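Subject: Handover of a structure, with notes on confidence and salt bridges

Hello,

Below is the structure for you to take over. My notes on what was found in it follow directly after.

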Amino acid sequence: MTKIPSLQEIKDITRTERIGAHSHIRGLGLDDRLEPRDVSQGMVGQLKARKAAGIIVKMIKEGKITGRAILIAGQPGTGKTAIAMGMAQEFGPETPFTMISASEIFSLEMSKTEALTQAIRKSIGVRIKEETEIIEGEVVEIQIERPTQSMGAKQGKITMKTTDMETVYNIGQKMIDSLSKEKIGIGDVIKIEKATGKITKTGKSYTHRQDYDSIGPGETYIECPSGELQKTQELVHTVTLHEIDVINSRTQGFLALFAGDIGEIKAEIREQIDSKLSEWKDQGKAEIISGVLFVDETHMLDIECFSFLNRALENEIAPIVIMASNRGISKIRGTEYVSPHGMPLDLLDRLLIISTDPYSSDDIKKIISIRCEEEDVEIHPQALDLLTNIAVSTSLRYGIQLIIAADLVSKKRKADLVNVDDIRKVYELFVDVKRSTQFLQEFQDSFMFHEKNNQNNNHNDNEKDK
Ligand SMILES: Nc1ncnc2c1ncn2[C@@H]1O[C@H](COP(=O)(O)OP(=O)(O)OP(=O)(O)O)[C@@H](O)[C@H]1O
Ligand SMILES: [Mg+2]
């Protein structure tokens, strides 16, 4: 039988986030009309691409598109990954969003198509509706009978009311323990799930507002519920198809999700789950949510993966696939064919392409100053200007990386403001790609395995990727 994880099980799987390259990005920075603000939510410039990304987010949120693919294309460091991160923030927790780098799928543990299938199924959500019986009302009285022997279990009674009725329920040790754990007292409005015995406090009844001893900080006052004490409540949980797959394919169930030791999932299991789901869908018990799969560095996929994706996008339930690539016209991995963005033409033909442009020095300055704030680094305006000039003539990434190094240098001289000298110092200590290449060309003879005739240093050399 197909098992569904409970809400609690799923809630425990959280991701840790550190201050990373994109931690300053908190959204796409668009207004209600989807027009990009110049600097907002950590995003700077790149207006056209941000607006296009915003339109895609809106279409996905409204459930208007599915099984589509989008490519964000542009030079290195023009904010492709940043835009995808911004999109992820815009979706909110209801839309499943999976982010992978294309090279992740080449693993010895599972085939590439299995890895892709898992990524795709992580990006499809299932909203499952469940009805549970609950008792909801205001606590009138709690009576606990102490056992005569110290070892005996406690027993008691709880009286609960709504505006229309009042009932006394017998309670056992477990319920008594959870009542004291939740600090439930007279006048509290509580909800008890009948199946699990879980108690939640929704607030305090208005009628108890005058009780001095019961006023605690952050207490919310609500009306005493009306109607019957026992009700049915509809619970909705959202899980991903991948989570359902894992829970049904492993003996250790959902624990495999923590261990990460998932391995390949049999096709029969997926078929069973899919047919069960379509049954539930017909009965109105479940709803499929098309999420988003973001494949960064897409040119690292090979021709087989591309054709697999082509097919997967045409499935009845498919996520939106967003890809990013910084390649120009280059070889498709696994073939000798050359194609734009290193991707086959038949796939390109199915894509909407968003392109990113290089930044102006003004934008670069704004990005660097946002990064300084994010990394908690105080910088002198002249030092910021110098760092911007350095980033313009080298690369945005090099500029961003110097921030923390310059901060360390300034701390060493016990200053709390990064000045021009600190920037100069780190600029000399750490070379950028251009200077490193120049150095290599000047001193070729002293290095091993140099290829004198091939002075043309080509960063986009696809041979390296194989
Ligand atoms: N518009 C922007 N607003 C704020 N920060 C940005 C913006 N564009 C880029 N950045 C920041 O600049 C750095 C480089 O950008 P990013 O990693 O997104 O480039 P990329 O286009 O993905 O490059 P690559 O092709 O090398 O993967 C990141 O730290 C990113 O967060
Ligand atoms: Mg990137």
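Asp432 is buried in this predicted model, its relative accessible area being 6%; buried means under 20% relative accessible area, exposed over 50%, and partly exposed in between (1.4 Å probe, protein chains only). The side chain of Asp432 meets that of Arg435 in a salt bridge, at 2.6 Å from N to O. A salt bridge here is a side-chain nitrogen of Lys or Arg within 4 Å of a carboxyl oxygen of Asp or Glu. Arg435 is partly exposed, with 21% relative accessible area.

By this rule there are 26 salt bridges. Among them is the pair Arg26 and Glu374, with N and O 3.1 Å apart. Arg26 sits in the loop between α1 and β1 (39-40) and Glu374 in helix α11 (residues 361-374), so this pair ties together parts that are 348 residues apart in sequence. Helices (H or I, at least four residues) and strands (E, at least two) are DSSP runs, numbered from the N terminus. Arg26 counts as partly exposed at 49% relative accessibility, whereas Glu374 counts as buried at 16%.

Another salt bridge joins Arg33 to Asp31, where the closest N and O atoms are 3.9 Å apart. Arg33 is exposed, at a relative accessible area of 64%, and Asp31 is partly exposed, at 22%. There is also a network of salt bridges that links Glu114, Arg121, Asp245, Arg270 and Asp274.

On confidence: the protein has an average pLDDT of 83 (the predictor's confidence in each residue, from 0 to 100), and 87% of the residues score at least 70. Helix α12 (residues 381-393) has the highest confidence, at a mean of 93, and helix α1 (residues 7-11) the lowest, at 45.

Two stretches deserve a note. Over residues 7-17 pLDDT stays under 50, and the model has eleven contacts there beyond four places in sequence, a contact being heavy atoms within 4.5 Å. Residues 455-466 also stay under 50, with 18 such contacts. Where pLDDT is low, the predicted coordinates should not be read in detail.

As to conventions, residues are numbered from 1 along each chain as its sequence is written, with chains lettered from A and ligands numbered from 1 in the order in which they are written. Local features need pLDDT of at least 70 and side-chain atom pairs count only at pLDDT 80 or more, while totals for chains, interfaces and linings use all residues; side-chain values use heavy atoms, with hydrogens and water left out.

Regards
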